[in-house]
Amino acid sequence: MYNLVRNENMKIYNRVRTWVLVGLLVLASILFTIAFYAVNDYSSSGDWRERTQKDIETYHQTMASTSGMVEDQVSRMIKISEYRLEHDIPPQNNSIWGGTIAGSGLVFLVSIFTVIIAADIVAGEFAAGTIKLLLIRPASRAKVLLSKYLATLQFSLLLLVVLFLVSFVASGLLFGFKGVGSPYLYLGGDGFVHERSMIQHAFSTYGLKCVNLIMIVTMAFMISSVFRSSALSIALSIVALLMGDLLVVLLGKYEWMRFYLFSNTDLTQYLEGVPPFEGMTMGFSICVLIGYFLLFNGLSWLLFTKRDVRS
Amino acid sequence: MDKPTVVIKGLTKKIGSRLIIDDLNFEVPKGEVFGFLGPNGAGKTTTIRMMVGLMKPTFGDVWIEGKSIRHEFEQAIRHVGAIVENPEMYKYLSGYKNLIHYARMIPGISMQRIDEVVRLVGLDQRIHDKVKSYSLGMRQRLGVAQALLHKPNLLILDEPTNGLDPAGIRELRDYLRQLAREEGISIVVSSHLLAEMELMCDRIGIIQKGKLVDVQLIQDFVTEGEEERYWFRISSPDEAALVIEGMGITAVRREQGLELAVTGEQAADVNEQLVKAGIRVYGFHPVKKSLEDKFLEMTGGETHV
């Protein structure tokens with residue numbers, strides 16, 4: 001199994017295409033960090049204490065005119081801002097961590113790039129005919145398929161690490177590295193503000209975005225096994241990726257859309273936002289996601305191991 | 001007697017309601033070169049794909065070294081080296097990396113073995129170049145290299161001479177014969193080129209519309225049912241035909257002469273009579289029926305009609 005994954009990696013990293021994708025990601029994350037810096041540097045001129053004080057006033061005004069979920073949200077922000085002033089902890093936005101965490105916004109680019117690799121990794125072998133020489137070895141088709149899946153996930157992990165490191169270093173160079181030690185503030189279930197290490201917060205932010213990533217990659221992988229044509233697989237997967245979230249909004253009025261994959265992939269909606277459907281919980285979404293995950297992988301497995309290799 | 005390397009029993013493939021391969025049965029003993037002969041579309045490639053597990057038989061099975069390809073795939077395929085259709089390699093990798101790729105999939109292949117195989121197929125100069133830059137002949141040789149990497153007991157080659165120049169074909173042929181003779185490897189080759197098969201194989205199986213029409217030793221196939229015929233090269237075929245028919249023998253017109261169904265003794269008599277009748281005989285010699293005629297005869301001679 002280890003050797004099979006090594007083979008798949010060899011086939012991924014010996015292609016120019018792969019390094020073009022990595023290069024693009026590096027470039028994109030540098031540009032993104034610079035843009036983030038430019039915007040924040042402008043808005044954060046002057047003393048942060050004065051600004052925070054002003055923010056708190058604005059929050060109070062908003063509080064007066066809203067209710068329900070938004071009210072909770074705003075009162076949370078007030079508590080954190082007050083804690084910030086009390087303990088002299090500057091906001092994260094214009095610090096190295098602000099830039100790094102903002103970099104997680106580029107995880108969608110990691111998704112697209114991994115989808116390109118995933119959609120091609122099975123279909124490409126059929127298109128080039130190399131599958132015939134690959135499957136006549138003493139390795140079961142299931143193992144070959146699994147090795148391809150693992151290599152794809154490894155590739156997405158590599159891209160994530162690249163994204164994180166480039167964002168971190170670029171932010172450090174722009175904002176300075178002195179803010180590395182400052183903590184992340186959040187409101188616990190007990191109603192008090194707590195501190196957490198920033199690196200832990202950054203990892204969990206990236207981690208939650210990975211749920212979406214894994215689901216999309218798994219879907220692309222399935223499409224790759226089903227269609228056996230690289231171009232079609234890549235195109236279909238990217239369309240699904242781009243249309244996925246849009247459909248949630250367009251078909252939002254239908255109740256059954258709560259079972260739709262892309263209504264559930266963003267788990268951060270349970271932590272910081274509002275879920276798209278009334279009564280959806282984190283547990284529900286996780287169940288739905290596991291369901292899709294099994295479905296996608298089951299289909300890939302079934303089609304790859306049972307179908308004849310003809311062309 | 002050793003057990004046969006390959007046993008095929010009742011091999012059948014249906015796609016939808018179409019019968020592609022119909023109840024194939026044959027065996028290939030150790031060290032034999034078995035030729036699989038048939039026109040394009042007769043089912044050679046389908047049969048080979050079932051033999052290496054790329055397609056699943058509808059009925060029947062293939063046993064390689066006693067292991068079923070359907071139920072003990074990994075143990076059965078371990079003994080097989082194959083090229084199915086064209087040797088399609090990873091073009092963006094070097095020839096060497098391609099071989100490493102396949103070597104990793106089978107336990108117990110050393111780096112020395114890879115070098116050995118590379119030398120064997122004569123690719124040592126170019127092995128670190130990308131396959132993209134290889135000629136068709138070089139790709140074919142790389143294909144042979146990957147098939148031999150794990151010292152298989154059975155070599156399956158689908159149309160192995162495709163794209164090779166005459167020197168390459170000769171080289172491959174000699175090499176296959178040598179493998180069979182010296183290492184006891186059994187070889188199954190498919191081809192639609194008869195002359196090729198005649199020189200390469202010990203035995204041939206003829207497949208026609210998914211059915212195995214006949215399996216014969218190559219010598220038997222070439223000489224069997226050979227009725228003697230002689231070809232006479234003469235000055236005036238029309239006059240000669242009259243003389244010959246006067247002897248009670250039917251003559252068939254061929255380019256610049258006549259062809260007769262006669263024995264050597266009768267041919268001498270005919271010659272005598274022709275000379276006596278004043279017809280100039282430039283020569284006569286026996287006609288061997290070609291493998292091609294044989295093959296067409298056997299497969300219903302569809303290309304004739």
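**Figure 1. Confidence along chain B of this predicted model.** Chain B has a mean pLDDT of 83, with 91% of its residues at 70 or more. Where pLDDT is low, the predicted coordinates should not be read in detail. The model scores ipTM 0.79 and pTM 0.82. Residues are numbered from 1 along each chain as its sequence is written, while chains are lettered from A and ligands numbered from 1 in the order in which they are written. This is a predicted model, for which local features need pLDDT of at least 70 and side-chain atom pairs count only at pLDDT 80 or more, whereas totals for chains, interfaces and linings use all residues.

**Figure 2. Where chain B touches chain A.** The contact draws 26 residues from chain B and 21 residues from chain A; two residues are in contact if their C-beta atoms, placed from the backbone, lie within 7 Å. On the chain B side, helix H2 (73–77), strand S6 (80–83) and helix H3 (95–104) are the elements that give two or more residues. H3(B) supplies the largest share of that side, four residues. By class, the chain B side holds 15 nonpolar, four polar and seven charged residues. For these classes, Ala, Val, Leu, Ile, Met, Phe, Trp, Tyr, Cys and Pro count as nonpolar, Asp, Glu, Lys and Arg as charged, and the others, Gly among them, as polar.

Figure 3. Which residues of H3(B) are buried? They are Gly95(B), Asn98(B), Leu99(B), His101(B), Tyr102(B) and Ala103(B). A residue is buried if 20 or more other C-beta atoms lie within 10 Å of its own, exposed if 12 or fewer, and partly exposed in between, with C-beta atoms placed from the backbone. The buried residues of H3(B) pack against helix H1 (2–13) of chain A, and also against helix H4 (111–120) and helix H5 (136–148) of chain B. Just after H1(B), Gly53(B) has a positive phi of about 80°.

**Figure 4. Arg253(B) in its strand.** Arg253(B) sits in strand S12 (residues 251–254) of chain B. Is this residue buried or exposed? Arg253(B) is exposed, because 11 other C-beta atoms lie within 10 Å. Apart from neighbours within four places in sequence, Arg253(B) is in contact with Pro237(B) and Leu258(B). The C-alpha atoms of Arg253(B) and Pro237(B) are 7.6 Å apart, although 16 residues separate the two along the chain.

Figure 5. Two packed helices are described by the angle between their axes and the distance between the axes. Axes are lines fitted to C-alpha atoms, for helices over the stretch in contact, and angles run from 0 to 180 degrees between N-to-C directions. Helix H6 (residues 107–128) and helix H9 (residues 198–227) of chain A have axes that come within 8 Å and cross at roughly 25°. H6(A) and H9(A) are therefore roughly parallel; angles under 35 degrees count as roughly parallel, over 145 as roughly antiparallel, 65 to 115 as roughly perpendicular and the rest as oblique. The contact of H6(A) with H9(A) has 16 nonpolar, five polar and two charged residues. With helix H10 (residues 230–250) of chain A, H6(A) packs at about 155°, the axes being 8 Å apart, and the two helices are therefore roughly antiparallel. Residues of H6(A) in this contact include Ser111(A) and Ala127(A), and those of H10(A) include Ser230(A) and Leu241(A). That contact comprises nine nonpolar, five polar and one charged residue.

**Figure 6. H8(A) against H12(A).** Helix H8 (residues 141–175) and helix H12 (residues 282–306) of chain A pack at about 135°, with axes 9 Å apart. H8(A) and H12(A) are therefore oblique to each other. Arg141(A), Ala142(A) and Leu145(A) of H8(A) meet Ser300(A), Trp301(A), Phe304(A) and Thr305(A) of H12(A). In class terms, four of these residues are nonpolar, two polar and one charged.

Terms used: pLDDT is the predictor's confidence in each residue, from 0 to 100.
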